[in-house]
Protein chains: 2
Amino acid sequence: MATRRTPTLEPESQEQAYLQIGEVAERTGVTQRTLRFYEERGLLKPPSRLDGGFRLYSEDDVRRVEQIKRLQSLLGFTLAEIKDMVEADEVKMQIRATYRKDAAVSERRAKLLKAKEVTQGQVAVIKQKLTALQEMQGHLEEKLAQYEGWIEHLAEQEPAPQ
Amino acid sequence: MATRRTPTLEPESQEQAYLQIGEVAERTGVTQRTLRFYEERGLLKPPSRLDGGFRLYSEDDVRRVEQIKRLQSLLGFTLAEIKDMVEADEVKMQIRATYRKDAAVSERRAKLLKAKEVTQGQVAVIKQKLTALQEMQGHLEEKLAQYEGWIEHLAEQEPAPQ
DNA sequence: CTTAACCTTGACGTACGCGTTAACTTACAG
DNA sequence: CTGTAAGTTAACGCGTACGTCAAGGTTAAG
């Protein structure tokens with residue numbers, strides 16, 4: 001028997017805990033196919049590879065997958081929309097990385113402004129959904145109160161239903 | 001020229017303002033194909049028809065279409081999920097209609113309890129999405145604050161960016 | 001009765017988001 | 001070195017949510 005489940009490249013010194021695609025799939029609840037598909041569509045950056053070609057994902061990648069799932073299932077965004085959002089996140093990471101470097105001030109400023117703009121757009125979208133959801137919640141809870149009233153009313157009319 | 005745009009069966013006494021499919025499509029922003037498709041899938045009850053076979057929609061139907069659109073675009077529900085929700089609404093309507101009738105008390109009670117249950121389920125789903133959205137909003141606004149801080153910092157460092 | 005606008009039911013096409021083989025390679029325990 | 005679990009690419013398939021003709025019937029105005 002040849003059981004292998006340890007994440008290959010298991011360093012004694014904890015440089016980075018790299019995960020193969022199966023582990024990532026298990027932890028995130030998506031299939032391997034989905035992970036490769038997201039990579040195809042540009043939602044996940046091409047991960048590093050083992051010499052043989054096996055994909056090696058970082059913890060950041062895992063977090064991104066979870067973020068994608070949230071955006072998709074909870075908020076109903078399409079993969080195209082999600083791609084825009086994660087690309088915005090990429091820009092942010094780049095800004096953080098190059099912030100102290102010798103880039104022109106105007107360039108850094110422009111990037112920051114763009115990141116801010118993108119984020120504001122995201123916030124706007126979310127706020128729209130929030131208000132719509134709250135409105136719906138209000139309506140539903142009104143109805144719930146009605147039902148409860150009616151049920152009580154029935155209970156009074158006929159106290160012993162069987 | 002034969003221009004027709006008035007909703008056929010235009011009664012002087014306002015019994016009901018029935019609309020043909022084109023009007024409904026225009027008012028709701030969905031296509032006629034979509035309306036027929038929703039009917040196929042059970043999201044819209046088969047509307048009444050003109051003698052020639054033309055569909056005649058009520059204002060209630062229009063409201064339902066708008067509800068469907070909200071559930072779909074804002075909350076990302078699938079048509080199957082939406083069907084469950086509108087079926088729950090149907091149950092509610094039926095309850096209202098038969099509430100004063102001579103149905104057995106236990107039956108009415110059961111229907112009310114079911115309606116309450118369904119509605120509670122809907123509220124639960126919405127609450128989940130609400131909290132997820134609020135969390136995301138929090139994260140994004142944190143980031144926004146950071147960006148703004150950085151931008152200010154840049155402005156101080158080099159006051160005249162030209 | 002003619003005509004234009006509007007409608008009807010198929011039926012096929014399409015974009016998205018993966019699922020599912022198939023055929024093959026790689027990694028590691030024994 | 002070998003067997004097996006895990007991974008790889010390529011390609012076709014499928015359900016959802018409609019779009020898009022096609023071919024024809026209906027309505028109302030002139």
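Trainee: What rotation superposes chain A on chain B, and with how much shift along its axis?

Mentor: In this predicted model, copies are superposed by least squares on the C-alpha atoms of residues with pLDDT of at least 70 in both. Here a rotation of 180 degrees, with 0.0 Å of shift along its axis, superposes chain A on chain B with an RMSD of 0.2 Å. That is the relation of a two-fold axis. The contact residues of chain A recur in chain B to 100%, so the same surface serves both copies.

Trainee: Which residue of chain A comes closest to the rotation axis?

Mentor: That is Gly76(A), whose C-alpha comes to 1.9 Å from the axis.

Trainee: How should I read the numbering and the confidence limits?

Mentor: Residues are numbered from 1 along each chain as its sequence is written, while chains are lettered from A and ligands numbered from 1 in the order in which they are written. As the model is predicted, local features need pLDDT of at least 70 and side-chain atom pairs count only at pLDDT 80 or more, whereas totals for chains, interfaces and linings use all residues.

Trainee: How many helices and strands does chain A have?

Mentor: Helices (H or I, at least four residues) and strands (E, at least two) are DSSP runs, numbered from the N terminus. Chain A has five helices and two strands, and along the sequence they follow the pattern α-α-β-β-α-α-α.

Trainee: What share of chain A counts as buried?

Mentor: A residue is buried if 20 or more other C-beta atoms, placed from the backbone, lie within 10 Å of its own. By that rule 15% of the 162 residues of chain A count as buried.

Trainee: How many residues of chain A are in contact with chain B?

Mentor: Two residues are in contact if their C-beta atoms, placed from the backbone, lie within 7 Å. On that basis 34 residues of chain A are in contact with 34 residues of chain B. The elements giving two or more residues to this side of chain A are α3 (59–74) and α5 (105–157), and α5(A) gives the most, with 28 residues.

Trainee: Which classes of residue make up that side of chain A?

Mentor: Ala, Val, Leu, Ile, Met, Phe, Trp, Tyr, Cys and Pro count as nonpolar, Asp, Glu, Lys and Arg as charged, and the others, Gly among them, as polar. The side of chain A that touches chain B has 19 nonpolar, six polar and nine charged residues.

Trainee: At what angle do the axes of α5(A) and α5(B) cross?

Mentor: Axes are lines fitted to C-alpha atoms, for helices over the stretch in contact, and angles run from 0 to 180 degrees between N-to-C directions. The axes of α5(A) and α5(B) cross at roughly 160 degrees and come within 6 Å. Angles over 145 degrees count as roughly antiparallel, under 35 as roughly parallel, 65 to 115 as roughly perpendicular, and the rest as oblique. These two helices are therefore roughly antiparallel to each other. The residues of the contact of α5(A) with α5(B) divide into 30 nonpolar, eight polar and 14 charged.

Trainee: Where do α3(A) and α4(A) meet?

Mentor: Arg64(A), Ile68(A), Leu71(A) and Gln72(A) in α3(A) meet Ile82(A), Met85(A) and Val86(A) in α4(A). The axes of α3(A) and α4(A), the latter covering residues 79–98, lie 10 Å apart at an angle of about 140 degrees, and the two helices are therefore oblique to each other.

Notes:
Buried ≥ 20, exposed ≤ 12 C-beta atoms within 10 Å, placed from the backbone.
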